[in-house]
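Here is a short tour of the structure for a colleague who likes to look at packing. Please keep the model open beside you as you read.

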Amino acid sequence: MARPTFLMNIIVAIKQVPARDSQLHIAGSGQWIEESDLAYEINEPDAYALEAGLQLKEKHGGEVIALCAGPDRAGQTIREALAKGADRAIHIEEDIGALDPLAQARLLAAAVKIETPDLVLTGLQSDDLGYGQTGVIIAELLGLPHATIIMEVEAREGAIRVKRELEDGWFQHIEMPLPALLAVQSGISKLRYATLMGIKKAKSKEVRRVSASSLGIAPAAPSIVLQRLYLPERTKRTQLFEGDAKKAAAQLVEKLKFEARVI
Amino acid sequence: MSVLAILEQRAGAWNRASFETLAAAQQIAKELGTTASAAVLGQNIGALANELAATDLAVVYALEHDLLKDYTPDAYTAALKELLDRLKPSIVLFPHTYQVRDFLPKLATRLGRVAVSDVVSHRVESGQLVLVRQLFQGKVNVDVGLAGDAPHLASLQAGAYRGDRVAAGAAAVEVVAPSIQPGDVRTRPLEPFRESQRAVDLGAAELIVSVGRGIKEAGNIPLVEKLAHALGAELAASRPICDAGWLPMERQVGSSGQTVAPKMYMAIGISGAIQHLVGMKGARIVVAINKDANAPIFEVADYGIVGDLFQVVPALIEAIQNAK
C-alpha cells in the first residue's frame, strides 16, 4: 500500500490522575485531597487521545510527542506513553493539582507553541477535575481551529475531516484546516498495551524537562476558587447488605421479591 | 448586576436543557435581587424568541445571522463575545450540553475568564454566588467561589435544575445582528446524521442488569449475562465496557448512550459517574453491587451489597433460582 505523501507531527497532551479505584480523603486544608497515599495512572480519556495519535502516525508517518504537566511522579505516565509508541516527550515539571483549567492550558499551550505540530490531541476531560476545557482553551490560546468529542479522524494534506458525536445518538462530520486541535472521545478505538520491546525502547527516548518559568509562564490570580471539598451526602436511604455473599444475596432477593416487588 | 441565560436550539427546536438553564437564571437572579435575561442564537429564530417573550425575563436577545444557522465554535464565540462586551452581565449561564462544552471554554478564554463547567447546584452567601460541582467522577463535591471581574460564566449539568419551573411573564425581544465575517469561521460542519437503527431498545425494558468496569475483563461478561438471564432482564453496560468493545455500543446506558426507566436497575461493578447516573436515574428501584462502599452509585441506590461481585453475583443467581 502506498503511503500518503505527507507527514503528521502530533502532540498529545496527557495527564496523570489518581487511579480510578482510589479511596479519596479530603486534605486537612479542605481545599484539595490527601495525595500522599495515592496511586496514579494516565487519565483514561487521554489514553484514547494517545491511541488516536499513534494510529495517525502509523498511517501517515511523522512523530508523536507526549506532553504532560505534573510533578516528578508524572514521569511514570510519560514512560508508559513512550513505551506505547510516542517518539519523545515533554515533561512540564509543575504541581498542577487544583490549578484552574486556564492556568493548566497556558502551560501546555506554551510547550505546544515551540513544537509547531500539525495536530494537537487531548482527551475530552480529566477524571480528577473534570472541567472538560483544557483542549479547547489551548486551541483558543494558540489561535487553532478545534473540534471536540471526536470519534474518527481522517487526515488529508493540510486538512482533516472528523466525526463528532452529538447528543442522542447523532453524529456530524466536520472539516477544518491544519494545524488544529481535537478533543478525542473515549472509545475512539481499542487501546493498545505496551510491548516488551516498546518498554525497552522507551528507556532511550528523549524526555525534555521544562518548567513554567522556562516556558515564560508566570502564575496568574485564579478567577475561580475551590473553597471547600467535601464528600457528597446521600440523597437516598440505601438498605445495605454486607458480609457473607450468600447471606447478603439471599437477603437482597427477598427484599426485591417481597418489599420492592420487582422480581 | 444581572443574569443572562444562553439557550440552545438546533434547526428551530429547543434543546430541552435550555429550559433548565432558563429556570436557574430566573431563580439565581431572584436570590441575587436582580433581573434575568436570555439569548438565543441562530437563523430565523423569531418563533423561538417569541416563545421566550412569554416568560419572566427582562429582555430576550435573538442573535440572527446566516453564519449562525449551523453551529460552529468560531461563529458562536464571536457573536457571544460581542453581546457580552455590550451587555456586561454579572453571571452568564449555559446548559452543559455537548455544544456548550465545544465553545464555552473558548469564549471564556477570549474574555480572559474561566468558566465553571458542569455545575450541579448553587447557593447565595452574603450576596455572593457559590457554585457546587463534582470532582473525581462524582466522589467529591466542591464549593467554587467566583473571583476577579464579571462576567462569571458557568454551565449547568443536565437535570440539576427543573425545566418545568420556568416562571411565566412578559419580556421584550431585541433582535441582534452580530458582526461575524465568513473568514472568521474556520471549521465546516456537514449535515448531522444518525447511525443505523438500534437493535436493542433498553428504554422499553422492565428489568435491567447493567455491568461496569468492576467486571475487569471481557471474559467475565457471561457471569453478568447469566444473572440477567436468571432475572429475565435486559443486559446493559456503562460506557467503558462498550468503549472496550466488550459489549456493543447499543447496550450503553448514560449521557452518550440510552436513557432508561425500568422497574429495577441492577448496577454490577458500576461506580456511578454522573454520565452514567443521568441515563438511569428514572429507574423505580436501583440496586447496586460494588466493592467500594463510597462509590457514588450507592447515593442513588435503594438496595446495595458492598462486596466482591465475583462472589456476590453467583450467590445472587442461586438465590434468584431458589426464589422461583
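Chain B splits into domain 1 (2–184) and domain 2 (202–323), with bounds that come from an automatic or database domain assignment. This is a predicted model, in which local features need pLDDT of at least 70 and side-chain atom pairs count only at pLDDT 80 or more, while totals for chains, interfaces and linings use all residues. Residues are numbered from 1 along each chain as its sequence is written, and chains are lettered from A and ligands numbered from 1 in the order in which they are written.

**The two domains of chain B**
- Taken over C-alpha atoms, the centres of domain 1 of chain B and domain 2 of chain B are 35 Å apart.
- Seven residues from domain 1 of chain B and seven residues from domain 2 of chain B form the contact, where two residues are in contact if their C-beta atoms, placed from the backbone, lie within 7 Å.
- The side of domain 1 of chain B that touches domain 2 of chain B has one nonpolar, five polar and one charged residues (Ala, Val, Leu, Ile, Met, Phe, Trp, Tyr, Cys and Pro count as nonpolar, Asp, Glu, Lys and Arg as charged, and the others, Gly among them, as polar).

**Chain A overall**
- Chain A has six helices and 13 strands; helices (H or I, at least four residues) and strands (E, at least two) are DSSP runs, numbered from the N terminus.
- The C-alpha trace of chain A spans about 70 × 45 × 40 Å along its principal axes.
- Of the 263 residues in chain A, 46% are buried (a residue is buried if 20 or more other C-beta atoms lie within 10 Å of its own, exposed if 12 or fewer, and partly exposed in between, with C-beta atoms placed from the backbone).
- Among contacts in chain A with a separation of 6 or more, 70% join residues 24 or more positions apart.

**Helix 2 of chain A**
- Helix 2 (residues 74–84) of chain A is largely enclosed by the rest of the structure, because eight of its eleven residues are buried.
- The buried residues of helix 2 of chain A include Ala74(A), Ile78(A) and Leu82(A), and also Glu80(A) and Lys84(A).

**Helix packing within chain A**
- Helix 3 (residues 101–115) and helix 4 (residues 134–142) of chain A have axes 8 Å apart and pack at about 55°; axes are lines fitted to C-alpha atoms, for helices over the stretch in contact, and angles run from 0 to 180 degrees between N-to-C directions.
- Helix 3 of chain A and helix 4 of chain A are therefore oblique to each other (angles under 35 degrees count as roughly parallel, over 145 as roughly antiparallel, 65 to 115 as roughly perpendicular and the rest as oblique).
- Their crossing is right-handed: a crossing is left-handed if the near helix is turned anticlockwise from the far one by less than a right angle, and right-handed if clockwise.
- Leu102(A), Leu108(A) and Val112(A) are among the residues of helix 3 of chain A that meet helix 4 of chain A, whose partners include Ile137(A) and Leu141(A).

**Helix packing between chains**
- The axes of helix 6 (residues 245–258) of chain A and helix 9 (residues 309–323) of chain B come within 8 Å and cross at roughly 45°.
- The crossing of helix 6 of chain A and helix 9 of chain B is right-handed.
- Twelve nonpolar, one polar and two charged residues make up the contact of helix 6 of chain A with helix 9 of chain B.
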